[in-house]
Amino acid sequence: MRVSSTTTRTGRLVGVAGAVAVVATLAFPASAAHAADVVSQGTGRLITTSLLGTNILDTVAALRGAVAVNPDASGDVTVDQPLDATALAGLLGLQAGSTNLFGNNGIIQLGAVGQYAQARDDGSSSAFSGAVSAAPSLIGVGTVTPSSVGSPLAGNTAQLKLGDPAGLVGFGAHFGTLAASAQQAADGTQTGQYVLADAGFDVNGTLVSGTLGLINPALNTLIALANTSGAGLTNPFASGTISLSLNDLLSAAGVSNVNSLPAGTDLVSYVPKAVANKITQQVQSVINSANTLAQQLKSNFLTFAAGVALEAAVATANATIVPILNGLTNSFVAPLSDALTALVQLKVNVQSNGADGSFSQTALRVGVGPNGSLAAVDLATATVGPNAGQLAVPVAGPESLGLAAGGMGTAALAIGAVMLLRRRRTVVGTVEG
């Protein structure tokens with residue numbers, strides 16, 4: 001938005017009415033001049049939640065994030081705010097229904113994460129939160145002090161577990177890197193970045209085990225026969241859990257990179273199709289391996305009979321399992337989708353613009369319950385702005401006020417007029433975000 005020669009970002013007039021206000025302030029120094037806007041500001045906040053009935057996130061300083069505010073361009077302001085013992089104690093009491101949200105027995109565990117912000121004199125600002133391993137590329141080297149919330153498995157920045165393997169559906173997700181940053185340049189341009197890498201997802205429960213129960217008998221028979229000839233095959237479904245990579249989800253979504261997903265995409269929406277694809281791929285891998293071995297055995301007259309028997313077992317497995325696989329879309333994907341989306345939502349790359357001119361970038365928004373009805377938790381959020389830049393530097397400083405107080409009212413009026421004209425020239429043509 002281009003700012004006109006008569007208005008600032010907050011709509012203050014700098015025409016005749018503005019001149020009167022400035023001169024009055026200089027001539028009557030009963031109170032110091034104050035700029036409603038600030039030069040620059042940013043906030044890196046690791047955890048935000050809409051949980052009802054709790055204000056812990058606003059009462060504990062560390063949970064409010066790393067807040068950097070530069071009010072007067074008297075020096076760059078940098079804040080590195082790790083979570084402290086008080087913050088961790090507060091988080092341990094947060095619940096989604098009867099389930100703890102954070103901690104070793106919570107559904108969300110975070111490790112080696114931090115929050116950071118910087119507000120600079122030139123009117124620019126930056127913010128970061130999330131995995132400290134991503135800080136060098138997003139915010140700079142040696143900037144962020146890490147904290148941990150719970151004890152996720154080694155190598156994980158964030159780990160989530162919801163549902164019940166013994167119930168309709170169980171779901172787990174882990175992220176090696178999860179972080180977000182936001183930048184506002186001196187010219188007002190606002191941008192955001194997020195990193196989501198080394199992610200994995202586990203799905204189990206009776207919906208999964210019921211489908212696998214239809215496949216496993218024929219598959220186990222084939223594996224047992226192939227192994228008598230040294231195949232060394234194992235049933236990939238023995239654990240009852242289907243494990244997915246981020247690439248599996250991206251393949252189901254039809255994109256090659258996580259950054260190709262639209263902002264606010266719910267990763268969980270691609271999980272059911274990815275699970276069906278994974279089951280199909282793993283079944284086909286076993287069948288193909290057995291068939292390859294069968295052809296090898298048939299090529300040698302000493303093992304020809306074993307090859308024929310194995311080839312027949314492959315045909316039987318195909319006849320039994322392929323119809324099940326072909327029906328997964330209707331019999332499995334749809335009910336799994338309903339169960340999962342009622343349990344959890346994982347929205348990535350969430351971006352928002354505040355009415356005040358701020359910009360926020362969130363790496364991951366976790367919804368617990370249908371549409372996040374039990375809890376909505378933002379993990380790794382960075383916010384910048386609104387930044388007024390040099391326009392926020394107070395026109396009247398202590399020297400001007402002292403001059404007016406000393407009886408030099410006329411000089412003060414002249415100084416005020418000159419400063420106002422300079423301010424007005426500065427405003428003309430300025431571009432704000």
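Where is Pro386 found? Pro386 sits in the loop between strand 16 (375–384) and helix 10 (398–405), where helices (H or I, at least four residues) and strands (E, at least two) are DSSP runs numbered from the N terminus. The peptide bond that leads from Gly385 to Pro386 is cis, with omega near 0 degrees.

Before going on, a word about the model. This is a predicted model, in which local features need pLDDT of at least 70 and side-chain atom pairs count only at pLDDT 80 or more, while totals for chains, interfaces and linings use all residues. Residues are numbered from 1 along each chain as its sequence is written, and side-chain values use heavy atoms, with hydrogens and water left out.

Most residues other than glycine have a negative phi, and most peptide bonds are trans. Asp198 is not a glycine, yet has a positive phi of about 55 degrees. Asp198 belongs to strand 11 (residues 190–204). Asn371 also has a positive phi, near 55 degrees, in a residue other than glycine. Look for Asn371 in the loop between strand 15 (359–368) and strand 16.

**Buried and exposed residues**

Buried means under 20% relative accessible area, exposed over 50%, and partly exposed in between (1.4 Å probe, protein chains only).

| Residue | Relative accessible area | Class |
|---|---|---|
| Asp198 | 61% | exposed |
| Asn371 | 77% | exposed |
| Asn349 | 10% | buried |
| Ser125 | 0% | buried |

Ser125 is part of strand 7 (residues 125–131). From C-alpha to C-alpha, Ser125 and Gly385 are 7.4 Å apart in space, although 260 residues apart in sequence. Contact means heavy atoms within 4.5 Å. Leaving aside residues up to four places away in sequence, Ser125 touches a set that includes Ser40, Gln41, Gly42, Arg120, Gln183, Val384, Gly385 and Asn387.

Asn349 is in strand 14 (residues 344–353). Not counting residues up to four places away in sequence, Asn349 touches Tyr194, Leu261, Ala263, Gly264, Gln361, Thr362 and Ala363.

Helix 9 (residues 328–343) has 16 residues. From its first C-alpha to its last, helix 9 reaches 21 Å, close to the 22 Å expected at 1.5 Å a residue; the expected span is 1.5 Å times one less than the number of residues. Which residues of helix 9 are buried? They are Leu328, Phe332, Val333, Leu336, Ala339, Leu340 and Leu343. These residues cover an arc of only 140 degrees around the axis, which puts them on the same side of helix 9; the arc is that of the directions from the helix axis to the C-beta atoms. The face turned away from that buried side carries the exposed residues Thr329, Asn330 and Asp338.

**Two helices that meet**

Two packed helices are described by the angle between their axes and the distance between the axes. Helix 6 (residues 246–253) packs against helix 7 (residues 271–298) at an angle of about 105 degrees, with their axes 8 Å apart. Axes are lines fitted to C-alpha atoms, for helices over the stretch in contact, and angles run from 0 to 180 degrees between N-to-C directions. Helix 6 and helix 7 are therefore roughly perpendicular to each other (65 to 115 degrees counts as roughly perpendicular). Asp248, Leu249 and Ala252 of helix 6 make the contact with Val271, Lys273, Ala274, Asn277 and Lys278 of helix 7.

Conventions: Angles under 35 degrees count as roughly parallel, over 145 as roughly antiparallel, 65 to 115 as roughly perpendicular and the rest as oblique.
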